[in-house]
Amino acid sequence: MANIINPKNSVLKRGYHRMTLDFGNTYSNGSFHKGCDFTGNTSVDDGYDYVVAVADGIVTSCQNTIGGVVKDTGTAGMGNYVYIEHDNGYRSRYQHMKKGSVTVKKGDKVKAGQVIGYIGNTGNSTGRHLHFDISATGKVAGGTYIASQNRTYFDPKPYIKGTKTLSKNTATATVKKSVSEIAKDIINGVGEWKNCNGTARKTKLESMGYSYSEVQAEINKQLKTGLKYYPKYEGKSTQIDIVLKDIGVPTKYYGSWSKRKPIAKANGISTYVGTSKQNEKLVNLAKQGKLIRP
Ligand SMILES: [Zn+2]
């Protein structure tokens, strides 16, 4: 429990940000609270506790029809809410607002300080309050990463106090790519991922905060659901092995031309001796998702 005094970037227009639940492992059962809960002036609704956007952004989602308390951990549990996307991949959320009070709709541009709704007690709520949180996609330094959402939540207090800002010119957080985007880059051999395989790939991914097995699983998933990629065949015999490995072909079918023979045969190359042209054909079949596995 703590009070926030003199906020620079209010989320409650009136200026009172009395915090009833802090960011972090602060629920009574110790589970993770992704933001801060604030009440307005008092627990009594006297008609002045408007909710305002913490920074400029675009509304990406909202709900305005929840009438009261709903014991639900999904969308209804958020009560009446607004999501705002800001620069640099940040997102802020405002939940449990009063039914019918939300003044914005999806796609609206909002300015810092603009009224977006009114404090309430809707959704999974035990009293009149605003749940406010700030997050960004991927794993980002300085926050708490929630793997199931591939999203990092930040303590919102410094943003409200003005010691950290969401504005484009001063934000310092580096927003990391999603697992799906990284997998695609690896498959395409984009930039630093060019010829980055095996242990080198594992080391690099882990140094960037990704799980190697998670990324590999995503690579395999993307490859199996339609091979869009793989850079132009470069005539390297290792390339065909990378492709075969990445699409989950058993190890006994790659590593040397003689091991690849059954897979070549299954794909109509009966005279396979591992020439560049033959390998290119296999790579191209894999790219189109047409490679037959023996
Ligand atoms: Zn909350």
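**Notes on a predicted model**

1. Start with helix α6, residues 257-266, where the buried residues are Arg260, Ile263 and Ala264. They span an arc of only 105° around the axis, which places them on the same side of α6. As a rule, an α-helix has 3.6 residues a turn, so residues three or four places apart point the same way. Keep in mind throughout that this is a predicted model.

2. Now step off the end of that helix. Glycine 268 follows α6 and has a positive phi, near 85°. Glycine 268 sits in the loop between α6 and α7 (276-287). Is glycine 268 buried or exposed? Glycine 268 counts as exposed, because it has 10 C-beta neighbours inside 10 Å, and the cut-off for exposed is 12 or fewer. In sequence, 24 residues separate glycine 268 from isoleucine 292, while their C-alpha atoms are 9.5 Å apart in space.

3. For the overall picture, the chain has 294 residues, and 33% of them are buried. Its secondary structure amounts to seven helices and twelve strands. Take the contacts with a separation of 6 or more: 61% of them are between residues 24 or more positions apart.

4. How far can you trust the model? The average pLDDT of the chain is 86, and 89% of the residues score at least 70. Residues 168-174 are a stretch to treat with care, with pLDDT below 50. This stretch still has 14 contacts in the model beyond near neighbours in sequence. Where pLDDT is low, the predicted coordinates should not be read in detail.

5. Helix α2 (residues 179-188) also has a buried side. Its buried residues are Val179, Ile182, Ala183, Ile186 and Ile187. Looking down the axis of α2, you find these within an arc of 135°, so they line one face of the helix.

6. β5 (residues 57-62) and β6 (residues 80-85) pair in the antiparallel sense through four bridges, and serine 61 stands opposite tyrosine 83 in β6. β6 is joined in turn to β7 (residues 90-97) by five bridges, again antiparallel. Here tyrosine 83 faces arginine 93 in β7, and isoleucine 84 has serine 92 as its bridge partner. β7 also runs antiparallel to β10, with six bridges between them; glutamine 95 is partnered there by histidine 131.

7. How many of its eight residues are buried? Seven are, so to speak, under cover: β7 is mostly covered. The hairpin of β6 and β7 has four residues between the strands, and asparagine 88 in this hairpin takes a positive phi near 60°.

8. The largest nonpolar core has 33 residues, and those touching the most other members are Val11, Val51, Tyr94 and Leu130. The elements that each give two or more residues to this core are β3 (36-39), β4 (50-52), β6, β7, β9 (115-118), β10 (130-137), β12 (151-154) and α1 (157-161). β10 supplies the largest share, four residues. In soluble globular proteins, nonpolar side chains tend to be buried together.

9. Leaving out residues up to four places away in sequence, leucine 130 touches Val11, Leu12, Asp37, Phe38, Val51, Tyr94, His96 and Ile119. Another core lies apart from the largest one; it has twelve residues, among them Ile240, Ile269, Val283 and Ala286.

10. Most residues other than glycine have a negative phi, and most peptide bonds are trans. Asparagine 150 has a positive phi near 45° and lies in the loop between β11 (144-146) and β12. Asparagine 150 is partly exposed, with 16 other C-beta atoms within 10 Å. Asparagine 195 has a positive phi too, near 55°, and belongs to the loop between α2 and α3 (198-207). With 14 other C-beta atoms within 10 Å, asparagine 195 is partly exposed.

Note on methods. Residues are numbered from 1 along each chain as its sequence is written. This is a predicted model: local features need pLDDT of at least 70, side-chain atom pairs count only at pLDDT 80 or more; totals for chains, interfaces and linings use all residues. A residue is buried if 20 or more other C-beta atoms lie within 10 Å of its own, exposed if 12 or fewer, and partly exposed in between; C-beta atoms are placed from the backbone. The arc is that of the directions from the helix axis to the C-beta atoms. Two strands pair if DSSP finds at least two bridges between them. A nonpolar core is a set of buried Ala, Val, Leu, Ile, Met, Phe, Trp, Tyr and Cys residues joined through C-beta atoms within 7 Å. Two residues are in contact if their C-beta atoms, placed from the backbone, lie within 7 Å. pLDDT is the predictor's confidence in each residue, from 0 to 100.
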